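User: I have a structure open and would like to learn how to read it. Could you take me through some of its features, giving the general idea each time and then the case here?

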Amino acid sequence: MDVRPDGPVILLAPDSFKESLTAAAVCAAMEAGFSAALPGARFVRVPMADGGEGTVQSLVDATGGTMLTATVTGPLGDPVEAAYGILGDGRTGVIEMAAASGLELLDPSRRDARLTTTYGTGELILACLDRGVRRLIVGIGGSATNDGGAGMAEALGARLLDAAGEPLARGGAALAAVARVDVSGLDERLAQLQVDVACDVSNPLCGPVGASAVYGPQKGASPADVAELDAALGVWAATLRRDLSRDVADVPGAGAAGGLGAGLLAFTTAQLRRGIDIVIEQTGLRELVASADLVVTGEGRMDAQTRFGKTPFGVATVAREAGRPVIAVAGSVGDGIEDLADAFDAVLPVVSRAAPLAEVLAEAAGNVERTCFNVGRLLALSI
């Protein structure tokens, strides 16, 4: 590694270690280890995410933004406290739909894809609009819902009516009765809002690889429920096409988050994009990598799936484009890790002993720090 005479610049760009460390905390542990071995090094911290859990916190940390909370409607109507963020520019909001409408908000015994709603996600969007944002980043993983974004649309001012002109009940099953969508009351601010949706799946809205068939069972849907929900989303798609001139059913990613992808496309200016690409852009990672001597990334687990939209692979791709060496540290490594040799100069697990999971999670910061210290010692031999 060729470095400048006043010491190497090490860019730290990890994702969180799930259930253990935020991305910012991983950065801190990495820096503690490297600085002990390389006293002359300088560090640039860029907490990262891939659009899934932890994206709000990482982008707020990376941009010097503000974390906020709002009381919104949970997936079965119970009030929940949902976190969202305003980034450092003061004009960009970021939400995770799972904070308002997520599967983890419900005990498994209460999961019912026929009834769950994205209404609370719409309320989070309104909270961001009330803060004056002009751009919104929406992570749509981990949903408990299968309502095609209908609840979100209702919260934003749309009226969903049955054949008698009465408002629909909430939930995916109720969409079988939708006869008209009235957007005359839709929040006018949405027209000026740029919406980037972090979406890493390509499922259409309906059919054998659609929202209901692929994701419904994990949300409590029986085979009969899946058939009912798929048919209801078909009615929803046809109504959106007729009333809004939005043909979204077959757009790749329309089926994400129980069809929330389709709802966002129909009612907002949304573009569906890979989550890691949004985060790379928002953090200015490419510009920061260009000024670094070494890039260090990582997350809680790395394996063959890391190549498909995960943070470490996205960071490594940027580093490779800039001709910078890149190392990853991970809580654990799994099958197929050897397939990442083209992307990383090294991938290092941080756990040094067999221990119960609770202990491993509790020791994560120390394990990351120790591993980075040892890497730093090796680097010191060459600089």
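Analyst: Happy to! Let's begin with the named elements: helices (H or I, at least four residues) and strands (E, at least two) are DSSP runs, numbered from the N terminus. Ala328, for example, is found in strand E12. Before we go further, this is a predicted model, where local features need pLDDT of at least 70, side-chain atom pairs count only at pLDDT 80 or more, and totals for chains, interfaces and linings use all residues. Residues are numbered from 1 along each chain as its sequence is written, and side-chain values use heavy atoms, with hydrogens and water left out.

User: Is Ala328 buried or exposed?

Analyst: Buried means under 20% relative accessible area, exposed means over 50%, and partly exposed is in between (1.4 Å probe, protein chains only). Ala328 has a relative accessible area of 0%, so it counts as buried.

User: Which residues is Ala328 in contact with?

Analyst: Contact means heavy atoms within 4.5 Å. Leaving aside neighbours within four places in sequence, Ala328 is in contact with Thr297, Met302, Phe344, Ala346, Val347 and Leu348.

User: Where is Phe17 found, and what does it touch?

Analyst: Phe17 is found in the loop between strand E1 (9-12) and H1. Its relative accessible area is 4%, so Phe17 is buried. Setting aside neighbours within four places in sequence, its contacts include Val26, Gly298, Val329, Val350 and Val368. Phe17 and Gly298 are 281 residues apart in sequence, yet 8.4 Å apart in space, C-alpha to C-alpha.

User: How many residues does the largest nonpolar core have?

Analyst: First the idea: in soluble globular proteins, nonpolar side chains tend to be buried together. A nonpolar core is a set of buried Ala, Val, Leu, Ile, Met, Phe, Trp, Tyr and Cys residues joined through side-chain atoms within 4.5 Å. Here the largest one has 56 residues, and those with the most contacts inside it are Tyr84, Ile125, Ile140, Trp236, Leu264 and Phe267. Among the elements that each supply at least two residues are strand E4 (79-86), helix H4 (119-130), helix H7 (223-244) and helix H8 (256-267). H8 gives the most, with 8 residues. A second, separate core of 32 residues includes Val94, Val315, Ala319 and Ala328.

User: What does Tyr84 touch?

Analyst: Not counting residues up to four places away in sequence, Tyr84 touches residues including Val56, Leu68, Val94, Leu124, Cys128 and Arg131.

User: Why is helix H11 said to be largely enclosed?

Analyst: Count the buried residues: 8 of the 11 in H11 (residues 311-321) are buried, so the rest of the structure largely encloses this helix. Phe313, Val315 and Val318 are among them. The cover includes helix H9 (275-283), helix H10 (285-290), strand E11 (294-302) and strand E12 (326-333).

User: At what angle do the axes of H1 and H13 cross?

Analyst: Axes are lines fitted to C-alpha atoms, for helices over the stretch in contact, and angles run from 0 to 180 degrees between N-to-C directions. The axes of H1 (residues 23-37) and H13 (residues 364-380) come within 7 Å and cross at roughly 35 degrees. Residues that meet there include Val26, Met30 and Phe34 in H1, and Val368, Cys372 and Phe373 in H13.

User: How many disulfides does a search of the whole structure find?

Analyst: A disulfide is a pair of cysteine sulfur atoms within 2.5 Å. The search finds 0. For Cys27, the nearest cysteine sulfur, that of Cys372, is 10 Å away. The sulfur of Cys128 is 19 Å from the closest cysteine sulfur, in Cys199, which is too far for a bond. Cys128 is buried, at 1% relative accessible area.
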